[in-house]
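Subject: Handover of a structure

Hello,

I am passing this structure on to you. Please look it over first; my notes follow below.

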Amino acid sequence: MDDDEDYQALFFAECVELLGDLQEQLDKLAAGDSDPETVNAAFRAVHSVKGGAAAFGFEGLIGFAHIFETVMDKVRNGARETDGELSALLIRAGDVLMALVEQARDGGEADAAMVERVTAELHQVAEGGSPPEAAEITARAENSDDLEGTNEPTGERGVTVTLTPHLGFLRVGHEPLRLVRAAKALGLVGVEALGEVPLPQAIDLGNSPLSWKLQFESAASIAEFYSFFEIYEAFADVKIEAEAMLEAEEDEPQPSAEPRPDPSDANDQTAPVAPISAQASFGSDTARAKIAKTLRVELSRIDRLVNLVGEVVITQAVLAQRLSEIDANGHLELDHAVESMSRQTRELQESVMAIRAQPVKSVFSRMPRVVRDLADKLGKEARLIVSGEQTEVDTTVIEELAEPLTHMLRNSMDHGLEETSADREAAGKRPVGTLRLSAEHRGERVLITVEDDGRGIDRERVLQKAVDNGLVEDPEAIAPEEIDNLIFHPGFSTAESVSAVSGRGVGMDVVKKKIQMLGGRCTLRNTPGQGTRFVITLPLTLAVLDGMIVSVGDERFILPLSSVVEAIRIDPETLAILPNGSRVMRLRGDYLPLISLREALQLDGNARPEEMAMVVDDEAQGPVAIIVDELIGQRQVVLKSLEANFRRVEGISGATILGDGRVALILDVSSLLEMSTSAPSQGLLEAVG
Amino acid sequence: MKRILAVDDSASMLNMLSDCLRGAGHEVVEASDGREALERLRETQPDMVITDLTMPNMDGLDFIDAARSEEAGRRLPMLLLTTETADHMKQRAREIGATGWLTKPFDPDQVLRLVDQLA
């Protein structure tokens, strides 16, 4: 079944991660790390491998993982001190677990003698002893005929399962009769109720008063029993005891004998599951070897690949350009070849970028906890609704997102939501505050929204604070949206007293800076009384972008295609000058603010008037026309950081090398618009219309 | 044949689970989050619930918690299907009265067997 294989592939991929983690934790333990979390993490890794193994019926793996887990549990709850000897054993056990996982995945054989020895050593520790000396083990192994649970199941045997329900066993939906009915498939031959039947008045419908002793005659493996009864373990003690095989073959000692755990071991309430010979149980799994594998690669190697592909893209562009210069007519075949090369280069680039893409889920999934903790700390009630977790973004971006997102949620919890549920109800809202975190693809960008349904930004207070701090000189001349944006100003914090949650000097300016560093933008929409919405837009990748090449004088610039709505040849009749001196362009009945790139970047003006208007759409300002001399064409360009190689320049997000070898600057549209003062206010526009 | 309420916000996971159950002749009622599941629970009175843990609006734990106080949810077997195996999660699941949990990726045979065992 295909689905099954997919799941197995996933399981093995998980195993590789878990085992890598396990190794790391065990190494730390061996180095004397006494942090309980180290042991916990190691325990969890073993436990997860066991869980997966149980789901797929890898019996040898379950058995070994179980005894390993038992020992880890003892270490975890302090029943067993870790010394050098034990750490060494645990590391060996980690190796064996790895070998068994590989065996389950690829077929082949793990080193049976090693598996056997380590299993025996683990049992020894589980029973409370020290890891035995190697010589002792060998002796045991040779004398293993009387040990059970290791032979190929060739016949039936008796298995006794004692199930003692806890309080609430029936209340959560367990039904002993159903259990008995289902257990028949496993070879149930008898049921006995243990304990006293309670007096009628003591019967509580929620609780089951008895223990049940279930007798099986079964050819099923211990793992199957384990798997069958696992579901009851949350609300019952389950004890599985197996007799020796009724028809076990005596003449051939099996490779992985191990001592049977002492049934009187009080710490081990669940089944002393006998590890089953890896060889015997994996025979049938070799057919599963053909599964998709995943590979963990260092990010730096992929980065090198990305860079190289970037260079190839540039070279390809140069090549195409040169070719067109040499000979415009003829060489059709050469043209075709260059054409295919450009297509392949693009595919190559997309494939490489796809390697780096990851769902934002890894960051988003941490956020509900952040909100929960904050809600506790602040004494506010809030819930977080997360959507679009599967949206894929470049790995680097994802790693860098956690901090700004946490900060934004913190801001929404602390400043956004009303102080009490009563305040909310008074405002006609539901008592529990709602935060929303969502991600979606929009064109070549990713939109991440953090939204709350709180009281919105208190503009009066923000403005007052800004005036007090000397950020604003003339409070009359500032538009409401500009007030909102003051919170992004470095060092600005509206908290009247420094709160334990936000405040502390880290403001929204840090968020904005971080997002800009990632090539993104952060805008906010404030609806006083109804809430605040922050929108982060990020590029999908940090390495390439589709751009329009435009020229002003002798200079070439790149406008990111994602922000260009349309390109229009300027008709002088559509231009108008407003009373305050700024210019607008009429387009299908609307007036668009006009920005001259020449003026904005203070380029030397030859008097030639601009001929082209590039209409760009900005989230904050709506459509704006940027006027340039000429539109040259559309091209995919490789981003080179200007900051890393030169310094940050306002209005410019980076640079690239064009096909003819010239350097062109890439325009950062939103910062360009912010820089430009020519955007008139709404009122003036209406006056013109 | 049993009626099973399957809850998952991921359409593909939900399909997979439903196909598995329907394939064995069970009737499946689907819901994509806890809140919707609670409505379906009241309307359809299922024999068993299998729910994802992490979902928008109302997660699996909150759903089971709420369902336990519904008439239709009393003594109903309700399984959490989750990749989460942390002990505190299991502790919490136990406290609110989840019957048990299944680890993702699930094994169809195991799911069907659990339906036989519990429903």
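Some conventions before the rest. This is a predicted model, in which local features need pLDDT of at least 70 and side-chain atom pairs count only at pLDDT 80 or more, while totals for chains, interfaces and linings use all residues. Residues are numbered from 1 along each chain as its sequence is written, and chains are lettered from A and ligands numbered from 1 in the order in which they are written.

Chain B
Chain B has five helices and five strands, taken as DSSP runs numbered from the N terminus (helices: H or I, at least four residues; strands: E, at least two). From the N terminus, the order of these elements is β-α-β-α-β-α-β-α-β-α. Of the contacts in chain B between residues at least 6 apart in sequence, 61% join residues at least 24 apart; a contact means C-beta atoms, placed from the backbone, within 7 Å.

Where the chains meet
On chain A, 26 residues are in contact with 23 residues of chain B. At least two residues each come from α1 (2-30), α2 (36-56), α7 (176-183) and β6 (382-387) of chain A, and α2(A) gives the most, seven residues. The chain A side divides into 13 nonpolar, nine polar and four charged residues. Here Ala, Val, Leu, Ile, Met, Phe, Trp, Tyr, Cys and Pro count as nonpolar, Asp, Glu, Lys and Arg as charged, and the others, Gly among them, as polar.

A helix pair in chain A
Helices α10 (residues 299-326) and α11 (residues 332-356) of chain A pack at an angle of about 160°, with axes 10 Å apart. Axes are lines fitted to C-alpha atoms over the stretch in contact, and angles run from 0 to 180 degrees between N-to-C directions. α10(A) and α11(A) are therefore roughly antiparallel (over 145 degrees; under 35 is roughly parallel, 65 to 115 roughly perpendicular, the rest oblique). Among the residues that meet are A:Ile302 and A:Leu305 of α10(A), and A:Leu334 and A:Val338 of α11(A). By class, this contact has 15 nonpolar, four polar and one charged residues.

Regards

Technical notes. Contact = placed C-beta atoms within 7 Å.
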